[in-house]
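This briefing looks at a pocket and at the packing of helices. Please keep the structure open alongside the text.

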Amino acid sequence: MEKLLKEELQGTALNLKGAEKNTRKLYIESYGCQMNFSDSEIVASILTGEGFNTTQHMEEADLILVNTCSIREKAELTVRKRLEKFNAARKVNPGLKVGVLGCMAERLKHKLLEEEKIVDMVVGPDAYKDLPNLVREVESGQQAVNVILSKEETYGDVAPVRLGSNGVTAFVSITRGCDNMCTFCVVPFTRGRERSRDPQSILSEVSDLWEQGYREVTLLGQNVDSYLWYGGGLKKEFANASPMQQATSVNFAGLLDRVARAQPGMRIRFSTSNPQDMTLDVIDTMALHPNICNYIHLPVQSGSDTILKAMNRLHTREEYFELIKGIRQRIPNCGISHDMISGFPGETEADHQQTLSLMEYVKYDFGFMFAYSERPGTLAARKLEDDVPEAVKKRRLTEIIGLQQKHSLYRNQNYIGQTTEVLIEGDSKKSEAHWMGRNSQNTVVVFPKEHYKKGEFVHVKIEQCTSATLLGHAVAYSENNR
């Protein structure tokens, strides 16, 4: 399950400074995970070359695109409502074209295009380079669709524009697709098989970001620990690669090492990891480089072996504990977060208690918690009965959230009296007199601005906390300012 971005970011109309020669307006909204928001940057970059500048005002748009998510039912319902609104806007602006991108595209292409006729264009996540042709088709009065999944496309040759960026942190995509057939997840069906991006193109993008003033990158993929470059192609075909290709291949630990060495002043994060694929050489690489953040998002989904098996998670509860133990031994202060699903088909009260006991063992810094929502097209939807009553799902979710808030507060209280390095990202939500940033463990820190500036690394002494935020004051610049 991919980590969704925060609720307030869902549906954000993204915007960037455009080219003066461009005369057409693109309005693009994104929903779902970090990968979708990253893909929107790729789309905007491609369409900039076709005469489009982005706008945050729907009424100005010549083309509206919605980058969609199928992970949760709520996100999909929100997208459907937005599409209805955009379709209605065509009564005022008959020339307006509307398109759907991303994970809903393949599954709902016939319904959206032919039955409901609320969009002009449907484009899957591997077909964005075809957008110039597809836009020309819809402008000529035709409907346009391309949802073909690719074995090679990684968009490694497209330099993404940074939409709505804070100018300090950025995502860099390193893989596309996923080979892990978790029964609750649509990603393998909507994004295709797993393939990795050429490490040299990743290093070039990170270096370009450094030159532009960015000070932190997140290496992004559905499952970053499965990264494997051997000259191109699907990961599952690696066994058929030549001996030379195999000998010179680069895994995730190797990529992480290269990125950290190439830009020692740049903070490096990565997301998302999968317990069945994460290896201790990745943790050793993190421990070796001070610029790799001490933070891992390590979704577990359930604490019950019975449910993990039903989810087709290829690890056990005990193996997860061993991985946590290995992380704590190598990086004692590592921040760890999770994804958790309550009410998966067949989940008993004993299974739920196993989840709570796993959380008590790990004491995560924070987490992303959801009640199970059956997604059409998944193995769970086809083979498992959604048999946990909604009220039980919600009650179990409430207990999971309550326990996580307790653990988050416990982790944050340990910072009080300590000094932590923070990268300033921008204004605090609640006060323009305060900065907000994150420490290495990905915890939000808020402190008075004084003379410090956005994009600077500062040491902050923590004086108070909530379960979500550390509060303190800056005491000095970090030695990492360059």
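The model is predicted. In the second largest pocket, the lining residues divide into eight nonpolar, 12 polar and seven charged.

- The space in the second largest pocket comes to about 590 Å³.
- Its lining is made up of 27 residues, and those nearest the centre of the pocket are Asn294, Asn333, Thr420, Ser440 and Gln441.
- Strand E17, which spans residues 419-427, gives the most to this lining, contributing three residues.

**Helices H11 and H12**

- Helix H11 (residues 317-330) packs with helix H12 (residues 349-362) at an angle of about 10 degrees, and their axes are 11 Å apart.
- Because angles under 35 degrees count as roughly parallel, H11 and H12 are roughly parallel to each other, and their crossing is right-handed.
- From H11, the residues Arg317, Tyr320, Phe321, Ile324 and Arg328 meet Gln354, Ser357, Leu358, Tyr361 and Val362 of H12, and the residues of this contact divide into six nonpolar, two polar and two charged.

**Helices H9 and H11**

- Helix H9 (residues 280-288) packs with H11 at an angle of about 20 degrees, with the two axes 10 Å apart.
- H9 and H11 are therefore roughly parallel to each other, and H9 passes H11 in a right-handed crossing.
- In this contact, Leu280, Ile283, Asp284 and Ala287 of H9 meet Leu323, Gly326, Ile327 and Arg330 of H11, a set that divides into five nonpolar, one polar and two charged residues.

Conventions: Residues numbered from 1 in each chain as written. Predicted model: local features only at pLDDT ≥ 70, side-chain atom pairs only at ≥ 80, totals over all residues. Heavy atoms only, no water. 1 Å grid on protein atoms, 1.4 Å probe; cavity = no way out; pocket = protein on both sides within 12 Å on 5 of 7 lines; lining within 4 Å. Points joined across faces, edges and corners; volume = space filled by probe spheres on them. Helix = DSSP H or I, 4+ residues; strand = E, 2+ residues; numbered from the N terminus. Nonpolar A, V, L, I, M, F, W, Y, C, P; charged D, E, K, R; others polar. Axes fitted to C-alpha atoms, helices over the stretch in contact; angles between N-to-C directions. Parallel < 35°, antiparallel > 145°, perpendicular 65-115°, else oblique. Left-handed = near helix turned anticlockwise from the far one by under 90°. Contact = heavy atoms within 4.5 Å.
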